[in-house]
Amino acid sequence: MTAATNLSKANVYEKASLFSAHWTPKIIGELNGQHVKLAKLLGEFGWHSHKDEDELFLVLKGEVVIQLRNNQNGDIHLKEGDMFIVPKGVEHNPKAENGECTVMLFEPASTVNTGDERNDKTQLDLQRI
């Protein structure tokens with residue numbers, strides 16, 4: 001059995017207050033090869049998919065719409081306390097059009113925020129806070 005490296009608690013709202021940049025996920029924890037991240041969203045992110053990774057969105061503050069390509073049931077509207085898992089390979093586009101939204105993300109450590117796309121929002125070296 002290995003010893004835990006960090007046995008202190010973290011408050012997600014305090015962590016979210018440490019940054020203001022949009023679409024720049026910050027790592028706040030790790031477990032079982034997964035990163036726990038916080039991100040602030042504003043506006044439209046852009047269409048992308050993650051070939052090998054599911055992505056969980058949990059809304060802490062505000063609202064976000066997750067558009068899914070070819071989803072016959074329409075867009076996924078998430079409000080505070082709502083969560084949604086985008087299955088691997090599903091093309092999606094997060095949009096926070098009614099003001100800033102703060103989300104917690106759970107995804108494998110290998111996940112790149114823009115998935116199969118590379119653009120000005122791609123974050124390859126994530127900050128830990």
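For the search I let rings of Phe, Tyr and Trp, the last by its six-membered ring, pair if their centres lie within 6.5 Å, and I called planes under 30 degrees apart stacked, those over 60 edge-to-face and the rest tilted. I note that the model is predicted.

By this rule I count one aromatic pair. I then looked up where the partners sit: Trp23 belongs to the loop between helix H1 (12-16) and strand E1 (26-31), Phe45 to the loop between strand E2 (34-44) and strand E3 (55-61), and with 22 residues separating them the pair links distant parts of the chain. On accessibility, I find that Trp23 and Phe45 are both buried.

Next I turned to the whole chain. I find one helix and eight strands, and from the N terminus the order reads α-β-β-β-β-β-β-β-β. The radius of gyration is 14 Å, close to the 14 Å of the globule rule for 129 residues, so I record the protein as being as compact as a globular protein of that length. Along the principal axes, I read a C-alpha span of about 45 × 30 × 25 Å.

Of the contacts with a separation of 6 or more, I find that 67% join residues 24 or more positions apart, while buried residues make up 43% of the 129.

Last, I looked at surface and charge: the accessible surface is about 7,800 Å², with 47% belonging to carbon and sulfur atoms, and the centres of the 14 positive and 19 negative side chains lie 4 Å apart.

Technical notes: Residues numbered from 1 in each chain as written. Predicted model: local features only at pLDDT ≥ 70, side-chain atom pairs only at ≥ 80, totals over all residues. Heavy atoms only, no water. Helix = DSSP H or I, 4+ residues; strand = E, 2+ residues; numbered from the N terminus. Rg over C-alpha atoms; globule rule 2.2 N^0.38 Å. Buried < 20%, exposed > 50% of the residue type's maximum accessible area, 1.4 Å probe, protein only. Contact = heavy atoms within 4.5 Å. Areas by Shrake-Rupley, 256 points an atom, 1.4 Å probe, with all protein chains shown as cover. Lys, Arg positive; Asp, Glu negative; His and termini not counted. Charge placed at Lys NZ, Arg CZ, Asp CG, Glu CD.
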